[in-house]
Amino acid sequence: MQCVRRQPARTKSQESLYRAQMKTTARNNIKRLGLEGDGDLQFLMSGGDLLKVRSGSWKKTRYYKLQEDCKTMWHESKKALKSKQTFSVEDIDEVRTGRQTEGLRKYTEESLEGRAFSILFKGRQKGLDLIASSEEEAKKWVGGLEKVISNTKNLTPQKKTEHWIYSCLRKADKNFDDKISQKEMKSFLQDINIEVSEDYAEMLFQKCDQSKGGFLEGEEIKHFYEILTQREEIDVIYAEYAKTDGLMSAADLLNFLLNEQREAVSQNDALQLIDKYELDENAKAKQQMTKDGFLMYLHQPEGLIFNPAHKSVYQDMNQPLNHYFISSSHNTYLLEDQLKGPSSTEAYIKALLKGCRCVELDCWDGSDDEPVIYHGYTLTSKVLFKDVIKAIQEYAFKTSKYPVILSLENHCSVEQQKVMAQHLISILGSALVTKPLGDQMPTCLPSPEELKGRFIIKGKRLDKLEDVFSESKTADEDSVTEEEDDEKDEEDQEKKSSSLKLAKELSDIVIYCKSVHFQGFEDSRDKQSFYEMASFKEGKAVKLAEESVNDYIHHNIDKLSRIYPSGVRTDSSNYNPVPLWNAGCQIVALNFQTPCPEMDLNQGLFLQNGQSGYNLKPSYLRDRDTTFDPIVLPEGPWLKNKTLHVMVISAQQLPKVSERKSSIVDPIVKVQIYGVPADTTVVETQYIENNGFNPMWNENFQFDVRVPDLALVRFLVEDYDFSSSNEFIGQYTLPFNSLKNGYRHVPLLTVNGDDLSSAGLFVHIMVVDAE
């Protein structure tokens, strides 16, 4: 039997000190969030009962409360023996009011609409479906959580660091006396991901213990915090340019912006930065910038590695759809693997909120004449087709206003196809494209701008689009070849029927994306219309991209191509999308539910152009006379030979990869270039032992990039392990052409692609024309 070591009970005096300390902590954190006197926040911190709903038979009361740090929600069972649990407000993706999840719609009555709400988390963490005791309380829970989430996001990096460090210091203060002993200081350093020698710990402690009392308190703790958060690299840079009484004047700042950051700016721009980011009112009045203001600027969009001008739509959106890379998802309905994982409307919501513009619907006959979506011939769960369309309609245009393609993989009977058409028309309404734009037969696909806020159906069609403008009558139903069937291996495909009865009602709403079988490049040139598109399994697509790449590029200039993962990827893994983008393929569909480097690349590519989900292809992937070949690289306008200089300087506040207190990361940074084969490479720094809080490298690397238009840069931070594979800490991927020169912070993302709060790299970037 395992022995459980219990913490000794607090004495009365300790309990009194603890309560006083918690009140002070709460007051400080409420003030930090700017929510003093907010009734909803006070309600959260007082806590209350909520009914947690898991199924029709599992509905249990749980007590929820926001802790004094104002970022941790704590909940426990009414049963005393049940363990207490917490989750961070920073892990919440969305707080959704009403019965807006599958669970609440299925397991609760309509009368509870005003009392119901859901907490949805980032990544794969299961959400919470909750019922408040009254509509008023539900509004307080939702309002309070939304305010805390919003205000936490809006904290400056310095405030986030301060909040986190002081929270860790409170945790290290075991006897709640507002003092830190040397032993407590060592424990605190482990909490923030630093392991130091006994000698260094003692030296640091003695340096701060100016009263020689054997512990730190008051101003001594503040001094310790200042030593800890000192950025030597920032001190050096600031000192070099702060030439006006030890501060930066507007002229000094302009000098830095021109010489280091290579910005095309004026002194007026420098003054605007001072006014925007300087914290000291006296310095601001003198039009000067302190070191704290300078660090603040470097943490803002103007100081990050990603070009802020690319955060909004900056590309021409009036080209035909086939001239764009389109962010696309495969088997969008799945939350996990392809064999037994759950199907859910939440998977569509997550993909759409990430900017995905082409989602897949695998449609099968369901009970009660209602079609369902799931991965056929597997144990994946089913979700109603109409519920998916409702979710798509609600969330399609929250991240991007540009068109969404619904890729139908149709296995339904004619009767249920008619139901599908009814749901699509009634739920999507006028946003659904049901006829070509204009009064005449078009000669090319419309543009993303023309289709803003619209839905396009990709699927089989009984007749030609030209017939819409003729008086010929189409049969009510007919058989069509269904080559894609659910992407099983080709041998299995041959065993199955190759034809499918298609309902006219569904056929008629397939306008710009008619699915056809690819019969070869010559056949597609001679017979395939601009509105017809083929789908390629990854193996076939990769082979074409390697062996017939120029033909493939020409095919993709005039027609849309969709690529999808092999059926053997039952674990929902992904293939490398870069060679397919290099070949001009527009709809390179990936398993969005799977965290992996391939999804990092997809997120990185579509980070630009306002995260619209549409990126204009380079001109040489749109020009019918192009001779571009990403493998051979003949002479041409694509060769813009650039030299990229990267100095990896430091990192800040890297998270632990293990929950063990004594486990400190040994960070190593890899800089990877993805693009044409000649540009693809990776370099790495040395690893820094036992320091995830403020490791310093100061290592320089150089890359020759021949085709920058197609290049992506990925910064990967790992925990080095000499005996096994390194463990992932964080990463950030962006297009080469979105890099900013100079000293830049690189925000890091989690394995799921979400912000890694406060963690980042500090680098120096310089892109120059190659000699």
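**Close-up views of a pocket and some aromatic rings**

**View 1. The second largest pocket and its lining.** Glu226, Leu228, Thr229, Gln230 and Arg231 lie nearest the centre of the second largest pocket, which is lined by 41 residues. This is a predicted model, where local features need pLDDT of at least 70 and side-chain atom pairs count only at pLDDT 80 or more, while totals for chains, interfaces and linings use all residues. Residues are numbered from 1 along each chain as its sequence is written, and side-chain values use heavy atoms, leaving out hydrogens and water. A pocket here is an open set of points on a 1 Å grid over the protein atoms alone where a 1.4 Å probe fits, with protein on both sides within 12 Å along at least five of seven lines; lining residues have an atom within 4 Å of a point.

**View 2. Tyrosine 620 meets tryptophan 638.** Rings of Phe, Tyr and Trp (its six-membered ring) pair if their centres lie within 6.5 Å, and planes over 60 degrees apart count as edge-to-face. Here the centres are 5.6 Å apart and the planes are at 75°, so this pair is edge-to-face. Buried means under 20% relative accessible area (1.4 Å probe, protein chains only). Tyrosine 620 is buried because its relative accessibility is 3%, and tryptophan 638 is buried at 2%.

**View 3. Arginines over rings.** A charge sits over a ring if NZ of Lys or CZ of Arg is within 6 Å of the ring centre and within 35 degrees of the ring normal. Arginine 54 lies over the face of tryptophan 58, 4.3 Å from the ring centre. Look also for arginine 231, whose charged end sits 5.2 Å from the ring centre of phenylalanine 762.

Methods: Phe/Tyr/Trp six-rings, centres within 6.5 Å; stacked < 30°, edge-to-face > 60°. Buried < 20%, exposed > 50% of the residue type's maximum accessible area, 1.4 Å probe, protein only.
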